[in-house]
Structure formats: structure tokens, C-alpha cells
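Colleague: Please take a close look at the ligand site in this model. Keep it brisk, and spell out each cut-off as you go.

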Amino acid sequence: MSTLHVVDHPLIVHKLSIMRNKRTGSKDFRELLNEIAMLMGYELTRDLPLEDVEIETPIKKMTAKRVSGKKLAIVPILRAGLGMVDGLQSLVPVAKVGHIGLYRDPETHLPVEYYCKLPLDIEDRITILVDPMLATGGSAVDALTMLKNKGCKHIRFMCLVAAPEGVAKVQAAHPDVEIYTAALDECLNEHAYIVPGLGDAGDRIFGTM
Ligand code: PRP
Ligand code: URA
């Protein structure tokens with residue numbers, strides 16, 4: 001089974017608390033989400049391999065290190081995943097970005113696919129699937145399946161708030177995918193919203209409440 005990484009650095013916890021507050025408006029919510037995405041991205045990329053490179057400083061020649069291995073792709077699940085892309089791209093500006101469009105049917109809570117556009121060479125990249133909310137896990141499981149159907153073999157999933165139900169579902173369906181979250185919340189309510197959560201992430205990012 002894959003590992004659940006709860007990235008609970010004090011700065012992340014502090015910023016997430018502001019996001020959870022229902023009085024926090026869209027502008028602050030968006031800024032904080034991107035800041036947290038960047039901080040979490042630092043943890044998620046911690047094990048990237050390094051290789052030697054010969055360089056010359058103003059003082060002398062030296063053997064320095066640079067990131068080697070596979071290039072990265074960032075894939076947000078629309079809409080809310082878009083709110084984490086800029087933060088991650090500021091860390092890895094050369095990463096390519098794909099998009100997967102899914103929305104939850106309000107009655108069944110099951111994901112419905114409406115869009116998929118991925119980099120052509122995505123199977124050669126380490127792919128970071130991003131979505132702030134992991135609730136029932138249906139959207140993440142479907143998006144991961146779509147990525148694997150396109151040939152992706154190295155995928156990490158990054159969210160902001162996870163419910164235990166969603167974590168269990170992703171781990172059961174995709175045991176090879178490491179999950180990174182800023183918080184593991186209590187449960188889901190009768191509308192499949194995360195409790196205590198932060199409400200509807202897409203609506204709070206884009207002001208569509
Ligand atoms: C939200 C969220 C996830 C999904 C999580 O998206 O951004 O994609 O729900 O729920 P699940 O784990 O139960 O599948 P939503 O369907 O509300 O679409 P939106 O981002 O366009 O608002
Ligand atoms: N989607 C959200 O945006 N929030 C939740 O709590 C659950 C699904």
C-alpha cells in the first residue's frame with residue numbers, strides 16, 4: 001500500500017487554518033492555496049535524484065549537482081486543482097501541464113469526465129496529480145486511471161485536505177501512488193463534503209458561491 005504523507009509544517013498548518021475560515025475571501029484563499037502548493041511541492045520533490053555537473057564558479061572549477069532523471073508533469077483536476085498549479089510551477093518552471101476535467105454529480109457524488117488534455121510525452125514524466133480536496137476519492141481514482149491509461153507509471157497525488165474514506169479508496173485502487181496532503185480530516189457528511197474541511201474548494205477559488 002502507498003504511503004500517506006501528511007505535510008504538516010507549521011507554516012502550512014497556519015495557512016490552511018486561514019483557508020478553512022469561512023470569512024476568508026477568494027483572493028486570500030487563492031494566494032494561500034498556491035503558497036501551500038509550493039511548500040508541499042518542496043516535500044513531494046525531496047527524493048528527486050541528483051547528478052554531477054562540472055561548473056566554474058568565479059573562484060574555481062567544481063563538481064556541482066543538478067536534478068537528473070525524469071522530467072515532471074503537473075496535472076490539475078479541473079476546476080479546483082488549477083488553484084495549485086502556479087505554486088508548483090514556481091518551483092519547477094519547466095514542468096509541462098496537463099488538464100483533466102471531472103465534476104461530481106450532485107446526486108450520486110460520482111465523478112463525470114468532461115475533458116482530458118495531457119502532454120504527449122507524459123508517460124516519460126513523473127506526474128503530479130493535484131486537487132485540493134480528496135473526499136470520497138472517486139475523482140482522484142478516476143483521474144489516476146486516466147493517467148495510467150495514457151501510460152503514466154510514476155504518479156504522485158497531492159491534495160490539501162483529505163478524508164479517511166478518500167485515502168482508503170485511492171490506496172485500494174492505486175497502491176503504487178503516494179498521497180501527499182496537508183491535513184487528514186475527520187469524515188464525510190451526508191453530501192460527501194469533508195468535515196470539517198473548507199467547503200467547496202472550486203467555488204471558493206473562483207467565487208462561484
Ligand atoms: C471537487 C474537488 C474534487 C472532488 C473531490 O470537485 O475539487 O475534484 O470534488 O470529491 P471526491 O473525492 O468525492 O471525488 P467538484 O466535483 O466539486 O468540481 P469543481 O472543482 O469543478 O468545483
Ligand atoms: N469537494 C469539495 O470542494 N469539498 C469537499 O468537501 C468535498 C468535495
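Modeller: Start at glycine 137, where a backbone N or O atom lies 2.8 Å from an oxygen atom of ligand 1. That is a polar contact, meaning a pair of N or O atoms within 3.5 Å; within protein, one atom must be able to donate a hydrogen and the other to accept it, and residues adjacent in sequence count only if both atoms are side-chain atoms. The model is predicted: local features need pLDDT of at least 70 and side-chain atom pairs need pLDDT 80 or more, while totals for chains, interfaces and linings use all residues. Residues are numbered from 1 along each chain as its sequence is written, chains are lettered from A and ligands numbered from 1 in the order in which they are written, and side-chain values use heavy atoms, with hydrogens and water left out.

A polar side-chain atom of threonine 136 is 2.5 Å from an oxygen atom of the ligand. For serine 139, an N or O atom of the side chain is 2.6 Å from a ligand oxygen. On its own, ligand 1 exposes 500 Å², and the protein buries 91% of this. Such areas come from the Shrake-Rupley method with a 1.4 Å probe; for residues, only the protein chains shown count as cover.

Which elements give two or more residues to the shell around ligand 1? They are strand E6 (99-104), strand E9 (133-134) and helix H4 (138-149). Helices (H or I, at least four residues) and strands (E, at least two) are DSSP runs, numbered from the N terminus. There are 15 residues around ligand 1, and Arg104, Asp131, Thr136, Gly137 and Ser139 come nearest. A residue counts as near if one of its heavy atoms lies within 4 Å of the molecule or strand. By class, the shell has six nonpolar, five polar and four charged residues. Here Ala, Val, Leu, Ile, Met, Phe, Trp, Tyr, Cys and Pro are nonpolar, Asp, Glu, Lys and Arg are charged, and the others, Gly among them, are polar.

Ligand 1 sits in the largest pocket. A pocket is found on a 1 Å grid over the protein atoms alone: it is an open set of points with protein on both sides within 12 Å along at least five of seven lines. To sit there, a molecule needs more than half of its atoms within 2 Å of the grid points.

Now look at ligand 2. The space it takes is the largest pocket. Among the residues around ligand 2 are Arg104, Met133, Tyr193 and Asp200. Isoleucine 194 has a polar backbone atom 2.8 Å from an oxygen of ligand 2. Alanine 201 places a backbone N or O atom 2.8 Å from a ligand oxygen. The shell divides into six nonpolar, one polar and two charged residues.

One bond deserves a glance here. Valine 195 and proline 196 are joined by a cis peptide bond, with omega near -5°. Most peptide bonds are trans. Proline 196 lies in the loop between strand E15 (194-195) and helix H6 (201-206).

Terms used. On a 1 Å grid over the protein atoms alone, a cavity is a set of points where a 1.4 Å probe fits but cannot get out, and a pocket is an open set with protein on both sides within 12 Å along at least five of seven lines; lining residues have an atom within 4 Å of a point.
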